[in-house]
Each structure stands twice: as structure tokens, then as C-alpha cells.
Amino acid sequence: MHSKSENRKTNLSKIIAGTMNWGIWNKNLNTSEMAKLIHICIENKITSFDHADIYGGYTTEEAFGKAFVESKINRNSIQLISKCGIQMVSDLRNTTVKHYDYSKKHIIWSVENSLKNLKTDFLDVLLLHRPSPLMQADEIADAIEKLKFEGKIIDFGLSNFTNSQTELILQKTEVCYNQIQFSATHFEPMLDGSLDFMQLNKICPMSWNPLGTFFRVNTDQTKRLKDLMIVLTDKYQVSAEIILLNWILNHPSNVIPVVGTANKTRIEELQKAFSIKLDLQDWFAIWTESSGSKVP
């Protein structure tokens with residue numbers, strides 16, 4: 001038995017465009033604006049687009065699909081990632097309490113629904129959005145193997161799963177990715193064994209919120225980092241955003257940042273994260289200022 005997708009291989013871009021805020025949850029881009037943004041990303045070497053069925057209250061995938069059609073971009077020149085499993089309270093889903101559903105039936109239905117909305121016949125990567133205490137690894141594996149065989153997904157991964165939860169799924173089917181929160185202000189995954197576990201099991205980490213809280217809040221932590229960035233931005237002649245991205249890119253697990261900006265200027269700047277190399281002591285200085293104490 002041979003999978004229809006066995007001759008394809010996922011090759012994600014080094015930075016992934018996060019689409020969570022493209023739709024009604026934030027930017028509320030219309031079809032032509034979204035099509036233009038897709039082009040801008042591709043022109044700047046960002047060819048992978050991160051989705052989830054819940055984004056925009058179950059509306060953003062469909063909005064992106066319309067924009068993708070309008071963009072006239074070749075499907076094989078981009079990679080589409082989506083997630084399923086979270087059931088939000090929504091009239092669209094007849095749900096009355098937020099919960100998770102990882103039944104074989106729901107996983108398959110979710111993928112087929114995402115394919116319809118995204119106007120494509122396959123996902124490059126499917127992720128389970130958040131773990132459920134009721135998930136059954138055998139049932140998940142059955143769904144994934146069926147979807148792979150039918151060519152509806154190429155690769156499979158997880159999102160926000162712990163090492164033990166990942167191991168549970170790994171016993172039954174291949175796991176290629178785990179999308180986790182990792183940044184200079186949220187560095188626990190490099191200390192709690194998460195990134196070590198991924199390296200040991202050849203799982204590629206994606207990082208959501210890769211800039212952390214640096215630009216969002218004024219805490220003692222971010223104030224210390226901002227003081228340090230005055231020095232480092234002058235030294236490296238790049239923005240704090242680029243330095244913060246480079247910081248996570250230095251980790252040997254080969255993290256892929258998921259960047260949610262819809263700003264053209266910022267998108268054009270992102271590749272600079274690969275053009276600098278933080279000095280070892282500067283890398284540790286960022287960790288030191290973030291934690292508020294010398295490294296152990």
C-alpha cells in the first residue's frame with residue numbers, strides 16, 4: 001500500500017507567516033489585501049502559512065482561500081499548515097462549551113473542511129492544536145494514516161504538547177513538528193527538556209509568539225531587555241525584533257519562528273535575522289536579562 005503523498009516532501013520556509021490576525025480577529029483584511037500580503041510574504045522568502053480552523057472564529061481559512069485563488073499563486077510554491085481539535089463555543093459548530101475533539105471522525109472532517117476553505121487538495125502539515133486528556137493515540141494515528149494515504153496531508157505534528165504527550169502519539173505514528181511557545185521572554189522549553197526531546201526524536205520545533213512579550217508589556221523583565229537592546233541594536237545595526245528572532249534561531253533544535261505580522265516593512269526586514277550572528281556572550285546576556293539573574 002503506497003500513500004499518494006509519498007513522493008512529496010514538506011520543505012517549510014525558515015520563517016512561517018502566522019495568519020491568526022489576518023482576518024476578523026485583528027486586521028480584517030479584505031480579499032485583495034490578503035492576496036497582496038501573500039505575495040509580499042513569498043517575495044520575502046516566506047512561503048509557509050500557518051493556519052488553524054478556529055482562527056477568526058472559523059472564518060479566516062475561508063478568507064485566505066479566496067485570497068489565494070485571487071493571488072493566482074501556484075499551489076506547489078507555498079506550504080499550508082493548519083491545526084484542528086479545539087472546539088470553540090460557536091454557532092457555526094453548535095458548541096456550548098469549549099472543548100477538544102480528537103476522534104477519528106472529527107480529525108478527518110476538520111482536514112476536509114480546511115481543504116475546502118483553503119481551496120486546496122492537500123495540507124503540507126496538519127497539527128493537533130492542543131492536547132486533550134481524552135485523546136486516544138490509536139484513534140489519532142488511524143486518522144492520520146488515512147489522511148496521508150489519501151494524499152490530504154503530507155506531514156503530521158502537534159502544537160503545545162508536552163514531552164510525555166508527544167511520546168504517547170509517537171508510539172503510534174510519526175510526529176514531524178511541535179509548535180510551542182518559545183522566545184527570549186519565554187525560554188522554559190530550552191530548560192524543561194522540551195527542545196532536547198525534539199532533537200532526540202527528530203521533531204522540528206515551530207515557535208509561536210517568537211518575540212515574546214518584549215513589545216507588548218512593560219514589566220521588569222522587558223525593561224531589562226529593552227535597556228540591553230539599546231546596546232545590541234547599535235552593535236549589530238538591526239532592530240530589536242531581528243535580534244530577538246536571531247536569539248531563538250541560535251538554538252541547535254533549528255526552531256522555525258511563526259511570525260504574525262501583516263506589516264509590509266516588517267516582513268521585508270525579517271530575513272535580516274539570518275544575516276547576523278549574535279556573539280556568544282550577547283546571547284547569554286539576553287538570557288540573563290530576561291531571567292533577571294546570572295545563568296545557573
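Modeller: A polar contact is a pair of N or O atoms within 3.5 Å; within protein, one must be able to donate a hydrogen and the other to accept it. The model discussed here is predicted.

Biologist: Which side chain does T47 join in a polar contact?

Modeller: T47 sits in the loop between α1 (31–43) and β2 (48–50). Not counting residues up to four places away in sequence, T47 touches S13, I42, S77, I78 and Q79. A polar contact of 2.8 Å runs from the side chain of T47 to that of Q79.

Biologist: Is T47 buried or exposed?

Modeller: Buried means under 20% relative accessible area. The relative accessible area of T47 is 18%, so T47 is buried.

Biologist: How much space lies in the largest pocket?

Modeller: Rolling a probe the size of a water molecule over the atoms shows where empty space is left. The lining of the largest pocket has 29 residues, with M20, N21, N209, R216 and G260 nearest its centre. Ten of the lining residues are nonpolar, 13 polar and six charged. The space in this pocket comes to about 740 Å³.

Biologist: What is the phi of N209?

Modeller: N209 is in the loop between β9 and α8. Its relative accessible area is 14%, so N209 is buried. Most residues other than glycine have a negative phi. N209 is not a glycine, yet its phi is positive, at about 55 degrees.

Biologist: Where is N160, which also has a positive phi?

Modeller: The phi of N160 is about 65 degrees, although N160 is not a glycine. With a relative accessible area of 19%, N160 is buried. N160 lies in the loop between β7 (153–159) and α6 (163–170).

Biologist: Which elements do the buried residues of α9 pack against?

Modeller: Nine of the ten residues of α9 are buried, W247 among them. Leaving aside neighbours within four places in sequence, the contacts of W247 include F182, M190, W283 and I286. The buried residues of α9 pack against β9 (204–208), α8 (220–236), β10 (256–259), α10 (264–269) and α11 (280–291).

Definitions and conventions
Residues are numbered from 1 along each chain as its sequence is written. This is a predicted model: local features need pLDDT of at least 70, side-chain atom pairs count only at pLDDT 80 or more; totals for chains, interfaces and linings use all residues. Side-chain values use heavy atoms; hydrogens and water are left out. On a 1 Å grid over the protein atoms alone, a cavity is a set of points where a 1.4 Å probe fits but cannot get out, and a pocket is an open set with protein on both sides within 12 Å along at least five of seven lines; lining residues have an atom within 4 Å of a point. Grid points are joined across faces, edges and corners, and a volume is the space filled by probe spheres set on the points. Ala, Val, Leu, Ile, Met, Phe, Trp, Tyr, Cys and Pro count as nonpolar, Asp, Glu, Lys and Arg as charged, and the others, Gly among them, as polar. Contact means heavy atoms within 4.5 Å. Helices (H or I, at least four residues) and strands (E, at least two) are DSSP runs, numbered from the N terminus. Buried means under 20% relative accessible area, exposed over 50%, partly exposed in between (1.4 Å probe, protein chains only).
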